[in-house]
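Please keep the sequence and the coordinates at hand while reading.

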Amino acid sequence: MRTTTRGSVLVPWAALLVPLAACAVLAAFRDSVANTNAALGLVLVVVAFAATGRRLAGVLAALSCGVWFDFFLTEPYQRLTIDDPADVETAVLLLVVGVAVTEIALWGRRQQARASERAGYLGGIVTAARTVADGVSTDGLVGAVERQIVEVLGIDACRFDPGTAPSPPARPRLHGDGTVTRDGRPVDVERDGLPVDDVTELLVEHGGVVHGRYLLTSSTRVCRPDLDRRLVAATLAGQVGAALTGPRPTT
C-alpha cells in the first residue's frame, strides 16, 4: 500500500519535471532540430505518462511540455512569450494533441478492462454450466455462485435461501432480464444503486419452478452494477435453478 501511494505521488511530479528536462536537453540542439520535430518528441513524453492510466499525469505532462517548449525552444528564448506565429501553432497543437492522446490512451485502457471483465463473467457462467452438466453437488454449486455474484455485483454478501414461499411484495427483486423492481416499481440501479435498506432477492428458478432465492446485501455502500453485471448474476442463478430441477447429488 505504501508503494502504491508513493507511486501515486511521484507520477504527477514526474509528469511536470520530465518535460522540463527533455526541453532543456532539446534546447542544446535547437539550431539543428526543427521545433516541429521537437514537438513530436515531446508528444512521446505525454504518451508515456498517459500510458500510466492516470488522466492527471497525462494532462500535467501535456501542459508542462507546452510551457517548457515555449520557454526553451521558441524565440525569445527563456521567456514565456512566442513571437513566431508558426511556433504559436506548434505550441497549441502540442497541448491539444497531448490532451487528446491522454484521453485516447485512457479510453483504450477502459475498453481493455471491460473486455477482461466480460471474459471473467463468461468464464464464471461456463464453469457453472459445466458443473450442472457434470452432476457436481448442488451444495458446491450454490456456494460457488454465491461468491461469483458477490464479485460480479460488487455487493457485501449473497446468501441462498431455499424457501419457496412468496416473499414480501415490497422486497426489491433482480429479474432475469437484469431489471430491478421494488414494490412493483422499477429501480434505476445505475443512478441510485441497489437498495441499501433491504436485501434484494434474485429468484432461483428453472422451467417456471422456483427453487429458492439469492438474497443480495449491499448495506455498507451504494453499489451500481451495470446491466451486463446484473444479467450475469441472473444467468448464474438460472444455472443453479437448472441444477436443482433434476435429481442431483448433495454432497
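**Helix α5 and its surroundings**

In helix α5, the residues that count as buried are T138, L141, V142, G143, V145, I149, V152 and L153. The model is a predicted one, and the values given here are computed from its atoms. Helix α5 has 16 residues, and the distance from its first C-alpha to its last is 22 Å, close to the 22 Å expected at 1.5 Å a residue. After α5 comes G154, which has a positive phi, near 70 degrees.

What does I149 contact beyond its neighbours within four places in sequence? The list consists of G154, I155, C158, L202, Y214, L216, A233 and L236. One of these, A233, is found in helix α7. A233 is buried, since its relative accessible area is 0% and the cut-off for buried is under 20%. Not counting residues up to four places away in sequence, A233 touches I149, L153, L174 and L202. The residues A233 and L153 are 80 residues apart along the chain, while their C-alpha atoms are separated by 7.4 Å.

Strand β1 also holds R159. Between R159 and E146 there are 6.4 Å in space, C-alpha to C-alpha, and the two are 13 residues apart in sequence. E146 is also among the residues that R159 touches, together with R213, Y214 and L215, when residues up to four places away in sequence are not counted.

**The loop between β6 and α7**

S218 is located in the loop between β6 and α7. Is this residue buried or exposed? S218 has a relative accessible area of 2% and is therefore buried. A polar atom of the S218 side chain lies 3.2 Å from the backbone oxygen of P195. With residues up to four places away in sequence left out, the contacts of S218 are I155, D156, L194, P195, V196 and C223.

C65 counts as buried because its relative accessibility is 0%. Which cysteine sulfur is closest to that of C65? The closest is in C23, at 5.9 Å, which is too far for a bond, because a disulfide requires sulfur atoms within 2.5 Å. By this rule the structure has 0 disulfides.

A pair of aromatic rings is described by the distance of the centres and the angle of the planes. The whole structure contains 4 aromatic pairs. One of them is formed by W68 and F71, which are edge-to-face, with 5.5 Å centre to centre and 90 degrees between the planes. Both residues lie in helix α3, 3 residues apart, which is about one turn of the helix. W68 is partly exposed, with a relative accessible area of 24%, and F71 is also partly exposed, at 22% relative accessibility. F71 also pairs with F72, again edge-to-face, with 5.0 Å centre to centre and 85 degrees between the planes. F72 is buried, with a relative accessible area of 14%. W68, F71 and F72 together form one aromatic cluster.

Technical notes
Residues are numbered from 1 along each chain as its sequence is written. Side-chain values use heavy atoms; hydrogens and water are left out. Contact means heavy atoms within 4.5 Å. Helices (H or I, at least four residues) and strands (E, at least two) are DSSP runs, numbered from the N terminus. Buried means under 20% relative accessible area, exposed over 50%, partly exposed in between (1.4 Å probe, protein chains only). A polar contact is a pair of N or O atoms within 3.5 Å; within protein, one must be able to donate a hydrogen and the other to accept it, and residues adjacent in sequence count only if both atoms are side-chain atoms. The expected span of a helix is 1.5 Å times one less than its number of residues. Rings of Phe, Tyr and Trp (its six-membered ring) pair if their centres lie within 6.5 Å; planes under 30 degrees apart count as stacked, over 60 as edge-to-face and the rest as tilted.
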